[in-house]
Amino acid sequence: MTPVQTTKMSNFRWVICALLFLATTVNYMDRQVLSLTWKDFIAVDFHWTDADYGTITGLFSLFYAIANLFSGKFIDWMGTKKGYLIAIFVWSTGAVMHAGCGWVAMNWEGYDSIEALRMVQAGSDAAVAIATISVWLFLSCRLILAVGEAGNFPAAIKATAEYFPKKDRAFSTSIFNSGASVGALAAPATIPLLARAWGWEMAFIIIGVLGYVWMGLWMWLYEKPRKNKFVNQAELNYIEQDNDLAECQNREEAKEEKAIPFLKCFGYRQTWAFLVGKLMTDGVWWFFLFWAPAYFSDQYGYTSDSAMGIALIFTLYLIVTVLSIGGGYLPTYFVDKKGMNPYLGRMRAMLIFACFPVLGLLAQPLGAYSAWWPAILIGLLGAGHQAWSANLFSTIGDMFPKSTIGTIVGLGTMTGGFGSMAINMGSGEFFTWAAAQGAGFQFFGFEGKPAAYMVVFCICAVAYLIGWCIMKALVPKYKPIVVED
């Protein structure tokens, strides 16, 4: 028996997965600071409307989308270690910079304090000027945040492909991807309280600094599996089980895997299937991420720093966190127990998860009885999204060579950003318009802004099923891409 067979396998790949989870958690907490402070803290200082906030979130999504056009290629070019370090440094810096927006706006408009900005008469020319300059300042910071955050998922998916065999990728992806819901879970329990205790500016600074701490851990622990001193031969063999044995033995001497040229990527149906899946569904998650705190404040009067407001948002994301992790296991069950190929098992699982968001149709009607119903139903919708997203990302590793994974993820996240821009900017304008219309706008028994929320919830409910049908039509069967020399 060889030493490789008798040596107990190390499990360092799960340490890497934990680092990816932490980075994704910080990523979403940085993104959530604004959504948890704008309605009850920032809007009061700068006289923002729903349309102003919708503009900021919508253009942030546009910045994020454009950045993703380049982020995947950047990660492939720089490599996982350096690329991830640069990405998190940029977004953490952008997050911290938000704290200075109030000071700049105050001096720009010639006021002595933030309190003086707040005391300006609502609706006056001075209030409009304050709102305008503050929106532009926040957009500048969101641009930097978006450019950095665009690197998170391409780098994380690439690291997952490097450290996990195909059969484990959906599960490991679901674990690190759950950092999105954990970040969203931790955010309402901490950020409003930080804002109330020390001001909304300090909330941006404290959360932003977490990214710098993560950079130190990444520099210490990450290397590619073959170069990582924490990975023994047994674990390396497990990681590389999908490769041909001869390729495993001669990898250091073999030439580097050929990447698919950027423009050629658009010639594959597999690329378009992933792009459609992201376009149709990312905006749903981002809508609830950005608007849920304002929804409970608007519709039920529970501010983000109230005990009930914190409890509702915490419960929503607790449901997302607990249920979504299992989403990565379902395709493994279909593959191992039912004998399906990875793509068929993944698509079967995604069809099941696409049905979860339909529950969002009941959020507004049942909300008439208790705010807990929307919190629970939106939580189930979010759990379905996260499980869907983990499997959607994993289809790339099934179909594309590792050398092109970052590029495809970047393209897909770009299209998801376009979808998010449309729903967030459109919702902000729609909510402001519907509130002004009052009883003049009705939908399914609701009127004014509640009717507008009902419209958006209906769109979110059917987006996944439509996306799944288009994906299945584009790629009906498992067909990995082979790059010829």
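This is a predicted model: local features need pLDDT of at least 70, side-chain atom pairs count only at pLDDT 80 or more; totals for chains, interfaces and linings use all residues.
## Trp-48 and the nonpolar core

Setting aside residues up to four places away in sequence, Trp-48 touches Leu-34, Trp-38, Ile-42, Ala-43, Ile-56, Ala-131, Ser-134, Val-135 and Phe-138. Trp-48 belongs to the largest nonpolar core, which has 147 residues. Along with Phe-138 and Phe-287, Trp-48 touches the most other members of that core. Helix H2 supplies the largest share of the core, with 17 residues.

## Aromatic pairs

How many aromatic pairs does a search of the whole structure find? The count comes to 52. Take Phe-138 and Trp-200: their ring centres are 5.8 Å apart and their planes meet at 40 degrees, so this pair is tilted. Tilted pairs are the ones left over once planes under 30 degrees apart are called stacked and planes over 60 edge-to-face.

Phe-138 sits in helix H7 (residues 125-149) and Trp-200 in helix H10 (residues 200-221), so their pairing ties together parts that are 62 residues apart in sequence. Are these two residues buried or exposed? Phe-138 has 0% relative accessibility and counts as buried. Trp-200 is buried as well, at 3%.

## Arginines over rings

Now for a couple of charges sitting over aromatic rings. Arg-31 lies over the face of Tyr-64, 5.0 Å from the ring centre. Arg-142 does likewise with Phe-60, at 4.7 Å from the ring centre.

## Residues with positive phi

Most residues other than glycine have a negative phi. Against that background, His-47 is worth a look: its phi is positive, near 60 degrees. Where is His-47 found? Look in the loop between helix H2 (12-46) and helix H3 (50-78). His-47 has a relative accessible area of 17%, so it counts as buried, the cut-off being under 20%.

Phe-444 is another non-glycine residue with a positive phi, about 50 degrees in its case. Phe-444 lies in the loop between strand S1 (442-443) and strand S2 (446-447). With a relative accessible area of 63%, Phe-444 is exposed; the cut-off for that is over 50%.

## Helix H19 and what follows

Helix H19 covers residues 405-437, which makes 33 residues.

Tyr-222, Ser-297 and Lys-158 each count as buried. Tyr-222 is in the loop between H10 and helix H11 (233-239), and its relative accessible area is 2%. Beyond its neighbours within four places in sequence, Tyr-222 is in contact with Ile-16, Thr-80, Lys-81, Glu-162, Tyr-163 and Asn-228. From Tyr-222 to Tyr-464 there are 242 residues in sequence and 35 Å in space, C-alpha to C-alpha.

Ser-297 is part of helix H13 (residues 269-300) and has 13% relative accessibility. Which residues does Ser-297 touch, not counting residues up to four places away in sequence? They are Lys-39, Asp-40, Tyr-302 and Thr-303. Lys-158 belongs to helix H8 (residues 152-163), with a relative accessible area of 11%. Apart from neighbours within four places in sequence, Lys-158 is in contact with Ile-75, Asp-76, Thr-80, Lys-402 and Ile-405. Thr-80 turns up in the contacts of Tyr-222 and in those of Lys-158.

## Met-471 in helix H20

Last stop: Met-471, found in helix H20 (residues 449-474). Met-471 is buried, with a relative accessible area of 2%. Its contacts, leaving aside neighbours within four places in sequence, are Ala-273, Gly-277, Tyr-343, Met-347, Met-350, Trp-388 and Leu-392. Met-471 and Ala-349 are 122 residues apart in sequence, while their C-alpha atoms are 13 Å apart in space.

Conventions:
Residues are numbered from 1 along each chain as its sequence is written. Side-chain values use heavy atoms; hydrogens and water are left out. Helices (H or I, at least four residues) and strands (E, at least two) are DSSP runs, numbered from the N terminus. The expected span of a helix is 1.5 Å times one less than its number of residues. Rings of Phe, Tyr and Trp (its six-membered ring) pair if their centres lie within 6.5 Å; planes under 30 degrees apart count as stacked, over 60 as edge-to-face and the rest as tilted. Buried means under 20% relative accessible area, exposed over 50%, partly exposed in between (1.4 Å probe, protein chains only). A charge sits over a ring if NZ of Lys or CZ of Arg is within 6 Å of the ring centre and within 35 degrees of the ring normal. A nonpolar core is a set of buried Ala, Val, Leu, Ile, Met, Phe, Trp, Tyr and Cys residues joined through side-chain atoms within 4.5 Å. Contact means heavy atoms within 4.5 Å.
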